[in-house]
Amino acid sequence: MHFFNHILLPSLKKSGSTTLWLLKIILPISLLVRFLDYVGALTFIAQFLDPVFVHLGLPGSTAIIFITSIFLPLYAPLAIIMSMAVTLRELTILALMCQIAHNLPVESAIQAKTGTSFWSMFVLRIVVSLVVGVLLNLILPKEMGMPFFDVASAEAVTSMGGMLLSWLTSSAQMALLIFAIITVLNVIYRLLEHRNLIIKLSKAIEPVLRFFGLPISTGFLWLIGYIVGLAYGGAMMIDQMNEGKVTRNDARILNYHLAVSHSVIEDNLLFVALGVSVWWILGVRLAVAWLVVWGRKLFGRRSF
């Protein structure tokens, strides 16, 4: 009874309001992107990136993957990747670029709610992803073999009604998933708080936080961001800021780290399942996150 009244019920109430807050951001953006994809706007924009992608060691045709990644969660570019013939070397480069720069309108909007400029996050992630692509093209072995998957043909939406139905179906599934994940997070947080384990957990990862240049107060949020990503982690960050547990400045510093390195379990498993080395994608993201935070502390102390 204590668990239900003091942990589960409050968690469900907070999860409901948080889910509605997230959906107000996510749904309009996802519908707009679906429409742009349906009318061919994303393909048109991708044509202008063809010359750039040649210098990244990628076929010009893969530009559409990066464009799709910018506007949608990783599952969308992943579906396109699996419908194209790419080498393991190309897949590794695409994996890092898409992991760093994916779902930017939604995730940058959520980070903006926690005190960090929307455009700072948006531009930072695109620039960093392109720089990482160039560097990987220089250091990766020229021959790395082929990925595990077979090329399949993607099913296209051929009508406006079909596009809307697909959007409604995926939106309903996403809403349920968001509510479930946030409820689990809230329950875990309340259990940890009830047993006075938050402080102990934060103490345990203090050396890691110091290494990355992150405030100690952001320890739990850092873990959440790494486990489930920016959207859900941003929602909890708002709660902790409102409760005075994390300052706006501390949240801003954490945002720069999480912008380029978050959701490392799910994101990495998606590409590891296709044959990409976990050491490449995890190692590069951690190194980039370290450089971004310490670089900002050394050369960009002004607030933005």
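Q: Which residues in α14 are buried?
A: Let's begin with the general idea: a residue is called buried when under 20% of its relative area is accessible. Keep in mind that this is a predicted model. In α14, the buried residues are Asp 250, Ala 251, Arg 252, Ile 253, Leu 254, Asn 255, Tyr 256, His 257, Leu 258, Ala 259 and Val 260. That makes eleven of the 13 residues, and the helix is mostly covered.

Q: What covers the buried residues of α14?
A: Here we look for contacts, meaning heavy atoms within 4.5 Å. The cover includes α6 (88-100), α7 (104-112), α8, α12 (219-228), α13 (230-242) and α16 (278-299).

Q: Why is α7 described as largely enclosed?
A: We count its buried residues. Eight of the nine residues of α7 are buried, so the rest of the structure largely encloses this helix. Among them are Leu 104, Pro 105, Glu 107 and Gln 111.

Q: Is Asp 267 buried or exposed?
A: Asp 267 has 5% relative accessibility, so it counts as buried. You will find Asp 267 in helix α15, residues 264-272. Leaving aside residues up to four places away in sequence, Asp 267 touches Leu 74, Gln 99, His 102, His 262 and Arg 285.

Q: Now for the surface: which residues form a nonpolar patch there?
A: Trp 119, Val 123, Val 127, Val 131, Val 134, Leu 135, Leu 138 and Ile 139 form the patch, and together they have about 790 Å² of accessible area. Take Leu 135 as an example: this residue lies in helix α8, residues 118-139. Its relative accessibility is 47%, so Leu 135 counts as partly exposed.

Q: How many helices and strands does the protein chain have?
A: The chain has 16 helices and zero strands. Its radius of gyration is 20 Å, close to the 19 Å that the globule rule gives for 304 residues, so the chain is as compact as a globular protein of that length.

Definitions and conventions:
Residues are numbered from 1 along each chain as its sequence is written. This is a predicted model: local features need pLDDT of at least 70, side-chain atom pairs count only at pLDDT 80 or more; totals for chains, interfaces and linings use all residues. Side-chain values use heavy atoms; hydrogens and water are left out. Patches are made of residues with over 30% relative accessible area and no salt bridge: like charges are joined within 9 Å, nonpolar side chains (Val, Leu, Ile, Met, Phe, Trp, Tyr) within 5 Å. Accessible areas come from the Shrake-Rupley method with a 1.4 Å probe; for residues, only the protein chains shown count as cover. A salt bridge is a side-chain nitrogen of Lys or Arg within 4 Å of a carboxyl oxygen of Asp or Glu. Helices (H or I, at least four residues) and strands (E, at least two) are DSSP runs, numbered from the N terminus. Buried means under 20% relative accessible area, exposed over 50%, partly exposed in between (1.4 Å probe, protein chains only). The radius of gyration is taken over C-alpha atoms; the globule rule is 2.2 Å times the number of residues to the power 0.38.
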